[in-house]
Amino acid sequence: VITLSSDFDSFYPAAMKGAILSRCDARLIDVSHELPRQNVRAGAFWLRELLPTFPPAVHLVVIDPGVGTDRKALIVRAGGHALVGPDNGVLLPVARALTNKSESESEGTDGERRSFETFEWHADDPASRTFHGRDVFAPAAARIHEAGIASIEGTVAATPTEEVVDLSFPDPTVDTEVAIGEVLVVDGFGNCVTNVPGTVLDGRYGDELAINGELICVGATYATVDPGTRLVTVGSHGNVELAVNRGRGDEAFDLGSGTSVRIDR
Amino acid sequence: VITLSSDFDSFYPAAMKGAILSRCDARLIDVSHELPRQNVRAGAFWLRELLPTFPPAVHLVVIDPGVGTDRKALIVRAGGHALVGPDNGVLLPVARALTNKSESESEGTDGERRSFETFEWHADDPASRTFHGRDVFAPAAARIHEAGIASIEGTVAATPTEEVVDLSFPDPTVDTEVAIGEVLVVDGFGNCVTNVPGTVLDGRYGDELAINGELICVGATYATVDPGTRLVTVGSHGNVELAVNRGRGDEAFDLGSGTSVRIDR
Amino acid sequence: VITLSSDFDSFYPAAMKGAILSRCDARLIDVSHELPRQNVRAGAFWLRELLPTFPPAVHLVVIDPGVGTDRKALIVRAGGHALVGPDNGVLLPVARALTNKSESESEGTDGERRSFETFEWHADDPASRTFHGRDVFAPAAARIHEAGIASIEGTVAATPTEEVVDLSFPDPTVDTEVAIGEVLVVDGFGNCVTNVPGTVLDGRYGDELAINGELICVGATYATVDPGTRLVTVGSHGNVELAVNRGRGDEAFDLGSGTSVRIDR
């Protein structure tokens, strides 16, 4: 399996599919091509949520505002998966999530954290300087699929590298009185996903909590409140989410990506 | 084959794909993830049109405004297909369509209508209360795919149930003088699909009929009228459709989902 | 492999998938279903860019404003591929691109241009006159997939035809002083793809050129200019493209499909 993720929207993803199928017979699974455009951090958030649901696979990830510059082409091996994409940070949060998942699933006994491995990919001279998804990353994904994820170092184009661009999400401030974080992303339903861990709502379901100064019902599901009513809940990612039952949380709370959120516990 | 249908738009469908592929090697076919959001009736309409085109398969359907409440997880077996989704009515119109298609294709001789069968699915305690598509329905679809559609009752999680939420579309009033119905859905081209059977236009192609009081050409194809001109035709679903050649019928007729339509025959 | 391309957006493509899978077990690859609506020329442009990236396959292409009229159903065999769609010109630019690619890849010695072959497809009486994607073209694609692309003439429904609707893109005027062309399409990033060959920028990278009278930087990659700054570059299709680094070229240059572009060299 090779999965495909990008911010390309329509048209261009097909060229990556063609480039892969011209080189190998992998099964192709579209993850999303509507990742927020040229937004490396939002892409990293969504892929960190989505890719660990997959069995070991090659994941082609192209959010690449620096296409054609000298940023590296990066391969990351993590938890049996291979990630292929530009070296701009988008791959590393996913890699950590894949490593953690792999560890929690294996019967690890040595207590030592086995981390992910990073390789620089040396592409043949690409046909274009504006579409490395088609000309560099898709061929790399096909080559790794054919060689096997365990054999990345055996492919002549891959050399180990330690210098990679990392990316992290802002940490929330949580104490017994208050949790202060921010909205990481807004999903298509308008639900505002924060960086505050869902555990701050433990034991408070059915109560009201002050969210940015307004009392909001804490619900285990969207439907615990009437349609059109705001609630605070824990989303499928395990974080605090601000939402409206059958409506849009971003509009009702007047929140967007990056807005700060204060929860009085 | 497992098909996937939802109102999730981007991002979340990939988590269902990952959850399935982690459990079985089924072939995945996206039907649509842009079904009208949290609109069970519109989803039922489109799936009733689309899923009967498929050969027997497991169809995962997630339009689920009641996620996390005590609404059942439902499995329906109909015409050799299995439908998996929430018990809110979205599956039943499709089930009837699949049963009818199966009957009309088989050489039925006993004259007795073999209907569909319904099962409640008892999920393991799901990881989230807000994303049963990933945590309940996708695993159920994978399990049924592995067990075989004929063996749903052999899977420990499925028990027969008779109490299911049904859903029906409004009936039109049709007599020799007039047909009164309503717009069921508007498609992406702006074509307004009504609940009036296409047979009311039989023998009238080339004529004009009064539609909500205005004379409109009856055409067998969109291109029977000039670009930009309104027409009444029969859509691919067999119902009367109000359209504009190379334009949007919803705007030109000022119609939307639920608007009433009167045809003087 | 059968690829699917259309201007259907959501819902209707699934009916084509079902119609194919009911007839054969082909692997299905979505190219795009968001091709510009009922815009044969723009569809032809994108498919000419995308389909040659694929290995030999059956390509189902449905942009069909004349559905239900007496326009032919067309099959084109080119470079080992088969194209299936309406006879309105959308298939021919792709066919030429597939033929050229096939020639440049083979060790052609006879110097003679082997062109593509065109067949009319005689469908069984289709179920609808408004959805030939489902009722005519998808079944034809399945039949050709089963028969084999080399054996199209062996299928009873296909007869050779020479009379087909062609389509060409406007030619630019290029001399040593000036190149005058037009915008062919605008992609989802807002990049304006022109019909001017990228070779007019040879040797000018880093310079400024007058584009419609304004001096614009010539860059090999989007990131050669600051975010928000306009540039002229060569896109992945080999043509001159007017863009903004991390922004929208169509808005910044005030250009759209069909607008003329003058480059003083």
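The radius of gyration is taken here over C-alpha atoms, and the globule rule against which it is compared is 2.2 Å times the number of residues to the power 0.38. For the 265 residues of chain A, this rule gives a compact globule a radius of gyration near 18 Å, and the 20 Å of chain A agrees with it. The structure is a predicted model, in which local features need pLDDT of at least 70 and side-chain atom pairs count only at pLDDT 80 or more, whereas totals for chains, interfaces and linings use all residues. Residues are numbered from 1 along each chain as its sequence is written, chains are lettered from A and ligands numbered from 1 in the order in which they are written, and side-chain values use heavy atoms, with hydrogens and water left out.

The C-alpha trace of chain A spans about 60 × 45 × 30 Å along its principal axes. Chain A contains five helices and 15 strands, these being DSSP runs numbered from the N terminus (helices H or I, at least four residues; strands E, at least two). Of its 265 residues, 58% count as buried, where buried means under 20% relative accessible area, exposed over 50% and partly exposed in between (1.4 Å probe, protein chains only). Among the contacts in chain A with a separation of 6 or more, 63% are accounted for by residues 24 or more positions apart, a contact meaning heavy atoms within 4.5 Å.

The contact between chain A and chain C takes 27 residues from chain A and 26 residues from chain C. Chain A and chain C bury about 2,400 Å² between them, 60% of it on carbon and sulfur atoms; buried area is the accessible area (1.4 Å probe) that two parts lose on being put together, summed over both. A:Phe11, A:Tyr12 and A:Thr130 supply 30% of the area that chain A buries against chain C, more than any other three residues.

Between chain A and chain C, ten residue pairs are in polar contact, both residues being at pLDDT 80 or more; a polar contact is a pair of N or O atoms within 3.5 Å, of which, within protein, one must be able to donate a hydrogen and the other to accept it, and residues adjacent in sequence count only if both atoms are side-chain atoms. On the side of chain A that touches chain C, the largest share, seven residues, comes from helix α1 (residues 12–21) of chain A. By class, this side of chain A has twelve nonpolar, eight polar and seven charged residues, with Ala, Val, Leu, Ile, Met, Phe, Trp, Tyr, Cys and Pro counted as nonpolar, Asp, Glu, Lys and Arg as charged, and the others, Gly among them, as polar.

One salt bridge is found across the interface of chain A and chain C, the term denoting a side-chain nitrogen of Lys or Arg within 4 Å of a carboxyl oxygen of Asp or Glu. This bridge pairs C:Arg27 with A:Asp25, the closest N and O atoms being 3.1 Å apart.

B:Arg27 likewise forms a salt bridge with C:Asp25, with the closest N and O atoms 3.1 Å apart. B:Arg27 lies in the loop between α1 (12–21) and β2 (28–32) of chain B and C:Asp25 in the loop between α1 (12–21) and β2 (28–32) of chain C, so the pair joins two chains. B:Arg27 is partly exposed at 22% relative accessibility, whereas C:Asp25 is exposed at 63%.
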